[in-house]
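Thanks for coming, everyone. Please look at the screen while I walk you through one chain.

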Amino acid sequence: MKRVLIIFTAVAMLASCNSKKRLAEIKTLQDARDKAVSSLNDCDQRTADLRSQLSAKDTDIQTKDKQVGDLQSQIDYLKKTNTNLLDRMSDLSIVSKSGAESIKKSLETLNEQTKYTNNLNASIQRKDSLNLALVMSLKRSLDDINDQDVQVEVKKGVVYVSLSDKLLFKSGSYEVLPAAEIVLGKVAKVVNDHKDLDILVEGHTDAVPITTSAIKDNWDLSALRATSVVRTLQGKFSVAPERMTAGGRSEFSPKDDNTTSVGRQQNRRTEIIITPKLDQFFNLMSSGQAGGSK
């Protein structure tokens with residue numbers, strides 16, 4: 001019996017030792033599995049990172065490819081432009097001597113025309129400045145005269161002084177009234193200060209016919225009124241006669257409607273037109289044209 005007990009105890013001890021060994025092996029296997037799983041997870045993460053980096057590199061490569069393509073297009077364009085320039089230089093290099101002379105003459109003509117245009121523009125600017133100065137001087141001199149009887153303005157590049165007929169003449173008459181001489185004297189003072197200007201005096205009437213023993217019609221009346229004003233400017237205020245021209249326009253250059261009394265009153269007027277000397281402008285035109293035709 002004792003022997004059996006010893007054997008049983010030995011078997012139990014042996015079984016216990018095997019169980020502990022088994023448990024140790026299982027734990028070792030579990031640790032190995034956990035380590036393998038951890039390594040696998042790390043591998044997956046690194047794989048994902050590598051794929052992300054690879055995608056970024058692909059995008060960067062595509063961008064670089066596009067830049068390379070753009071640069072190649074620019075290079076092709078520059079090559080083409082350079083070729084065109086070389087072709088044009090080749091064309092220019094075979095211009096004949098006569099062609100070069102023609103180009104030179106064309107440039108000289110263009111320079112002369114530009115010079116003429118600049119001179120003409122400068123003359124026009126001087127004339128405009130002079131017109132403004134004249135208008136200001138005349139308005140200051142005639143400041144005390146009724147605006148309805150005297151009007152000063154610039155039209156068509158020249159200065160107009162328009163005087164009503166009731167200020168200058170009696171109805172149907174061409175004798176200058178004494179009171180009108182005061183106004184003409186003020187105008188004469190201004191024009192005498194500018195001796196490089198000419199004076200054109202124009203008589204105007206309305207459309208109402210007139211016939212007297214001394215006046216045949218409105219042509220006569222307008223011309224006689226203009227000459228009366230010219231004589232007054234010359235005789236009483238020493239305006240040089242060679243500077244003046246007298247003319248009659250009859251009723252054929254009206255300012256207003258001749259069918260109304262107000263319109264007819266506006267049309268009965270004498271205009272003193274102050275102009276630059278025409279020969280100066282003709283000389284300028286001639287010299288400019290001569291220069292442009294060289």
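Let's start in the sheet. Strand β3, residues 197-204, pairs with strand β5, residues 269-276. The pairing is antiparallel, and it runs over eight bridges. Two strands count as paired if DSSP finds at least two bridges between them. The names come from DSSP runs too: helices are H or I with at least four residues, strands are E with at least two, and the numbering starts at the N terminus.

A word on the source. This is a predicted model, where local features need pLDDT of at least 70, side-chain atom pairs count only at pLDDT 80 or more, and totals for chains, interfaces and linings use all residues. Residues are numbered from 1 along each chain as its sequence is written, and side-chain values use heavy atoms, with hydrogens and water left out.

Which residue in β5 is the bridge partner of E202? It is E271. And H204 stands opposite R269 in β5.

Now the other neighbour. β3 also pairs with β4, and these two run parallel, joined by five bridges. There, L200 stands opposite T245 in β4. In general, strands of a sheet pair through backbone hydrogen bonds, either parallel or antiparallel.

Is β3 mostly covered or mostly open? Mostly covered: seven of its eight residues are buried. Buried means under 20% relative accessible area, exposed means over 50%, and partly exposed lies in between, all with a 1.4 Å probe and protein chains only.

Next, a helix. Together, β3, α5 and β4 make a right-handed β-α-β unit. Right-handed means this: with the strands pointing away from the viewer, the path from the first strand over the helix to the second runs clockwise.

S228 sits in α5. Its relative accessible area is 11%, so S228 is buried. Leaving out residues up to four places away in sequence, S228 touches F169, Y174 and V176. Contact here means heavy atoms within 4.5 Å.

On to charges. How many salt bridges does a search of the whole structure find? Eight. The rule is a side-chain nitrogen of Lys or Arg within 4 Å of a carboxyl oxygen of Asp or Glu.

Take D144 and K186. Their closest N and O atoms are 2.8 Å apart. D144 lies in the loop between α2 (97-141) and β1, while K186 is in helix α4 (residues 178-192), so the pair ties together parts 42 residues apart in sequence. D144 counts as exposed because its relative accessibility is 57%.

D206 is in the loop between β3 and α5, and R268 is in the loop between α6 (261-267) and β5; they are 62 residues apart. Is D206 buried or exposed? Buried, because its relative accessible area is 7%. R268 is at 25%, so it counts as partly exposed. Salt bridges that share partners join D165, D206 and R268 into one network.

D165 is found in helix α3, residues 165-168. At 11% relative accessibility, D165 counts as buried. Setting aside neighbours within four places in sequence, D165 is in contact with R225, R268 and R269.

R269 has a salt bridge of its own, with E271, at 3.0 Å from N to O. Both R269 and E271 are buried.

Last, the overview. The chain has seven helices and five strands. From the N terminus on, the elements run α-α-β-β-α-α-β-α-β-α-β-α. Of the 294 residues, 27% count as buried. Among contacts between residues at least 6 apart in sequence, 68% join residues at least 24 apart.
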